[in-house]
Amino acid sequence: MSLMPMTGRPMRLRDKFFEFNWGFLFLLTSIACFGFAMLYSVADGGFAPWAIKQMIRYGIGVGVMIAVAMIDIRIWMRLSYPIYAIAFVMLVAVDVVGFKGMGAQRWLNLGLFQLQPSEVMKIALIMALARYYHGLTLEQVSRPLYVLIPALIILLPVGLVVAQPDLGTAILLSAAGGALMMTAGLAWRYFIAAGAMGLAAIPVGWELLHDYQRQRVFTFLDPTRDPLGAGYHILQSKIALGSGGLAGKGFMEGTQAHLNFLPEKHTDFIFTMLGEELGLFGGITLLALYFMALMFALHVARQCRNHYGRLIAIGVCAALFLYVFINCAMVMGLLPVVGVPLPLVSYGGTAMLSLMFAFGLLMSAYIHRNVEIPRTPSLLW
Amino acid sequence: MAAKGRDSSRYQVFSRRTILLGGVQFAAFGVLGARMYDLQILNRDQYKMLADENRINVRLLPPLRGQVTDRFGTVVAGNHQNYRIVLMPEQAHEVEKTLDLLSRIVEISDKDRRRILRDVDRNPGFMPITVAENLSWDQFAEVNINEPDLPGLQPDVGDSRVYPFGPELAHVIGYVGSVADAEIAKDDDPLLKLPDFKVGKNGVERGFDKELRGKAGTSQVEVNAYGRVIRELQTDLPRQGDETVLTLDMEIQRFVWNRLQGQSASVVVMDVHNGDIVAMASCPAYDPNAFITGLSHAEWNSLVEDDYHPLINKSIGGLYPPGSTFKPVVAMAAIEAGIDPTARVFCSGKYQLGDATFHCWQKHGHGPMDMHDGLKHSCDVYFYDVARRIGIDAIAAMARRFGFGETYDFGVPGAKAGVVPSIEWKKKTYKAKWLTGETLNAGIGQGYMLTTPLHLVVAAARIANGGRPVVPRIVRSIGGRILVPDPLDDPGFRPEALAIVQGGMYSVMNDRIGGTAYKARLRIPGVEMAGKTGTAQVRRISKAERVTGVIKNDRLEWRQRDHALFICYAPVAAPRYAISIIIEHGGSGAGVAAPVARDIMEEVLKRDPSRLEAYATPVKPGSGEAT
């Protein structure tokens with residue numbers, strides 16, 4: 001047994017470029033192109049103001065992704081806890097120090113991007129959990145003490161995010177964390193117990209919900225309750241989707257979107273607009289592209305020879321899946337309205353940047369899939 | 001290697017659970033796909049319809065209201081383009097500021113401003129509010145140019161009703177006004193729900209509202225979520241309401257109107273053959289144009305409180321005792337009841353019934369009177385006597401044959417039936433027995449008997465035309481369709497009886513000695529008029545007053561004076577027109593009402609189309625022009 005933490009020969013940058021899965025990048029670009037097209041349509045056939053900005057952001061995102069992918073997975077592993085710590089401090093800072101009136105979530109404005117601690121936390125959480133489980137044996141994973149730590153890793157930021165309040169991110173964090181714990185091999189009894197506790201907590205949670213959040217649940221249960229008020233979004237979204245039919249009303253021909261009956265059509269409800277203009281064909285095509293991306297991530301997870309990389313791939317896969325599913329289910333009226341964007345397609349810089357960073361990590365895991373990393377005994381390093 | 005082995009065991013679990021995760025994701029995507037299929041394929045039609053409902057707005061296009069003209073085509077109710085500015089509250093960000101900007105172009109009174117702000121608060125945001133009306137073209141153009149700077153304001157061209165003759169025809173035409181809630185409840189025409197839509201409120205405008213209103217058009221427009229019209233999809237033009245032609249002659253109407261100025265009076269001129277109303281005036285009146293936009297409280301009050309009742313169409317809605325103008329009817333009743341018209345009744349100026357004394361208007365008496373003389377002199381005693389002999393029910397039956405008590409539904413709402421008293425009527429109304437004294441009063445058209453000028457002219461026309469049952473008609477045609485009133489049963493007057501009445505009425509006007517209205521005879525050579533005066537008492541004259549002498553009308557306050565009435569027809573040789581006139585508290589029928597009727601009759605005859613033609617032909621050169 002070697003004391004050297006890293007095994008395998010170090011890779012040169014050239015090799016890494018060859019190992020980079022360019023097909024996956026093409027897949028992501030195809031997905032992003034749907035977004036560009038829709039943003040072009042929202043502007044009634046203009047690149048300004050949305051499509052062009054989104055393209056630039058995607059371009060920057062691609063750069064970030066490649067850069068992240070080139071960095072050795074072992075370095076990312078070492079940085080996992082520090083990044084988590086930084087993200088956590090940022091979250092606390094926003095919650096405790098941040099002035100509510102100035103927009104609780106905003107931290108840094110980097111021109112095209114706004115750095116939100118909750119976005120950073122999405123990645124940091126995956127990295128921290130992957131790092132944590134990398135160091136555990138299967139037997140350790142289900143021991144109560146070893147369950148407590150990841151539970152805290154997940155629940156502390158979730159608590160902070162809920163306080164912001166940002167229910168969408170909280171759901172995303174806990175579900176992605178749960179997926180990671182599941183694949184890490186945590187005994188099912190913990191999930192059953194968590195599920196039971198969750199059910200029991202519903203009445204308490206209900207009391208803690210903000211009024212507008214409760215309204216969203218009511219509205220979800222019966223959108224016709226208030227068709228011009230709270231139920232308006234979801235009702236108009238279903239009308240737009242349904243009226244699209246098999247082939248859609250045609251690119252830039254969506255009446256619901258272009259006559260403004262559809263709200264938030266360039267952000268959260270962009271899938272609705274796509275369904276209206278390009279129909280079932282367009283919608284299924286986009287979902288198929290997402291599904292291919294998910295399958296690639298799972299493929300990376302299974303190919304990886306180091307546990308950290310596997311769990312990173314699972315984390316990215318779960319996050320992507322949750323984004324897509326929650327957004328689509330929301331616009332189709334299957335879930336209450338939660339502010340979750342459609343990855344790579346919805347207009348917005350922050351989510352785009354954190355996603356591309358995450359895809360970079362995934363790609364780094366892919367490039368370094370053959371690197372074997374021994375299970376390090378230390379929890380911290 | 002132990003570590004390796006342990007890693008392989010956790011990889012196995014990892015691998016299995018990864019496949020499970022993939023399966024969950026696949027299933028979840030399956031749910032999304034199924035939902036899309038459900039929305040976009042199975043329920044497509046329903047959502048397509050909802051989407052169209054969203055974007056397609058069907059707007060009603062209000063039709064232009066039908067014109068109303070007199071018999072010669074003079075427009076008496078028309079439409080004029082009204083340039084106005086409407087406010088869409090939901091599109092205006094700051095109503096006050098917008099109004100301030102607009103007031104630089106168009107003056108907005110404080111009253112209007114309050115009304116607008118009140119409506120903004122009260123109405124739903126999509127309901128347009130009229131901000132300013134009747135703009136000049138220059139103002140309208142300026143608002144159009146500045147529209148982008150005036151959010152929520154829209155220039156609009158409306159049509160508003162205009163009555164060129166104002167009060168002269170107010171009671172006949174009526175006016176239009178905003179729709180009342182009760183009207184919406186009764187009528188499901190969607191037009192009524194349009195803001196600013198006007199319906200007929202009175203007169204012919206109301207009587208023929210459905211026909212005048214026209215048919216709504218529709219405009220399908222595509223609108224966005226804020227209600228802004230993006231483009232027009234399909235338009236179905238409205239159909240203008242039917243043009244309505246009245247039987248009135250506006251020239252005569254105007255003459256009548258002018259002749260009645262200053263009085264509280266009514267005149268109806270009727271064609272005795274077909275019932276066409278040539279003129280119908282009720283004075284004073286109101287300006288119907290003012291009613292369209294609404295009156296102020298003060299204006300309304302002054303109309304309501306006016307002693308001369310300008311809001312009441314006296315011609316059809318004013319109830320008066322007919323007085324002596326009723327005597328021809330009593331005479332007809334008497335003859336048919338077997339009274340010999342040549343039998344004489346001695347008039348001493350008084351008629352004794354038990355303890356009660358009934359007076360003749362001629363204090364000293366008329367001497368022996370037969371029926372002809374009775375009519376000519378309007379001798380009360382003669383009619384007391386015959387009335388008593390034939391009884392009230394015979395009089396009532398005859399009155400009904402002349403059309404009294406009838407409610408004429410001829411297109412001008414508000415016609416009253418009046419009262420034709422009978423034994424049965426009194427029993428029903430007062431639960432009391434009929435008294436003989438009341439018969440005597442009825443014999444001279446006093447007492448319970450109440451009638452409108454319209455009833456009187458119908459009676460005069462039926463006397464003039466030989467007993468044919470004409471009914472009034474004021475709307476000649478609607479949309480080219482001639483309206484013919486339902487014919488009534490012939491009342492079956494005996495010609496010799498009519499001849500006696502006609503003879504009496506002839507003498508009223510043409511007997512220099514004794515004819516009560518000789519002074520009011522026609523001044524057209526060769527053309528004669530027959531008539532009957534009436535002076536209806538509105539107060540009881542006490543015994544004490546009889547002793548000291550009945551107070552003259554001009555010494556009484558206006559309300560206490562007698563009503564002056566008169567009915568007539570001409571030309572006697574070939575009757576064509578009948579006139580009834582009442583001048584409220586005007587004094588004597590002979591002295592006040594008859595001369596006015598004479599002037600009107602001369603004008604009517606002068607303007608008679610058939611006669612004008614006769615004058616135009618050189619066959620009768622010497623007839624001379626009536627002036």
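## Chain A overall

Of the 381 residues that make up chain A, 55% count as buried. The model is a predicted one. Chain A holds 15 helices and two strands. Among its contacts with a separation of 6 or more, 76% are between residues 24 or more positions apart.

## The interface between chain A and chain B

Chain A and chain B meet through 62 residues of chain A and 41 residues of chain B. The size of an interface is often given as the accessible area lost when the parts come together. Here the area buried between chain A and chain B is about 4,400 Å². Carbon and sulfur atoms give 70% of that area.

Between chain A and chain B the count of salt bridges is zero. Polar contacts do cross the interface: 13 residue pairs are found, with both residues at pLDDT 80 or more. On the chain A side, at least two residues each come from helices H5 (117-134), H6 (138-141), H8 (167-183), H9 (188-208), H11 (232-244), H12 (255-258), H13 (270-303) and H14 (307-331). The largest share, 14 residues, is supplied by H13(A). Sorted by class, the side of chain A that touches chain B consists of 37 nonpolar, 18 polar and seven charged residues.

Thr183(A) lies in helix H8 of chain A. Is Thr183(A) buried or exposed? Thr183(A) counts as buried because its relative accessible area is 0%, and the cut-off for buried is under 20%.

Residues of both chains touch Thr183(A). Not counting residues up to four places away in sequence, Leu311(A) and Ile314(A) are in contact with Thr183(A) from chain A, and Phe14(B), Arg17(B), Thr18(B) and Leu21(B) from chain B. Within chain A, the side chain of Thr183(A) also reaches the backbone oxygen of Leu180(A), at 3.1 Å.

## Lys532(B), a buried lysine

In chain B, Lys532(B) is placed in strand S19, which covers residues 530-536. Lys532(B) is buried yet has no salt bridge. Where is the nearest side chain of opposite charge? That side chain belongs to Asp380(B), 7.4 Å away, while a salt bridge requires a distance within 4 Å.

Lys532(B) does have a polar partner: its side chain and that of Ser378(B) are joined by a polar contact of 2.7 Å. Leaving aside neighbours within four places in sequence, the residues in contact with Lys532(B) include Ser324(B), Thr325(B), Lys327(B), Pro328(B) and Leu375(B). Met505(B), Val508(B), Phe566(B) and Ile567(B) are also among them.

Key. Residues are numbered from 1 along each chain as its sequence is written. Chains are lettered from A and ligands numbered from 1 in the order in which they are written. Side-chain values use heavy atoms; hydrogens and water are left out. Contact means heavy atoms within 4.5 Å. Buried area is the accessible area (1.4 Å probe) that two parts lose on being put together, summed over both. A polar contact is a pair of N or O atoms within 3.5 Å; within protein, one must be able to donate a hydrogen and the other to accept it, and residues adjacent in sequence count only if both atoms are side-chain atoms. Helices (H or I, at least four residues) and strands (E, at least two) are DSSP runs, numbered from the N terminus. Ala, Val, Leu, Ile, Met, Phe, Trp, Tyr, Cys and Pro count as nonpolar, Asp, Glu, Lys and Arg as charged, and the others, Gly among them, as polar. Buried means under 20% relative accessible area, exposed over 50%, partly exposed in between (1.4 Å probe, protein chains only). Lys and Arg count as positive and Asp and Glu as negative; His and the chain ends are not counted.
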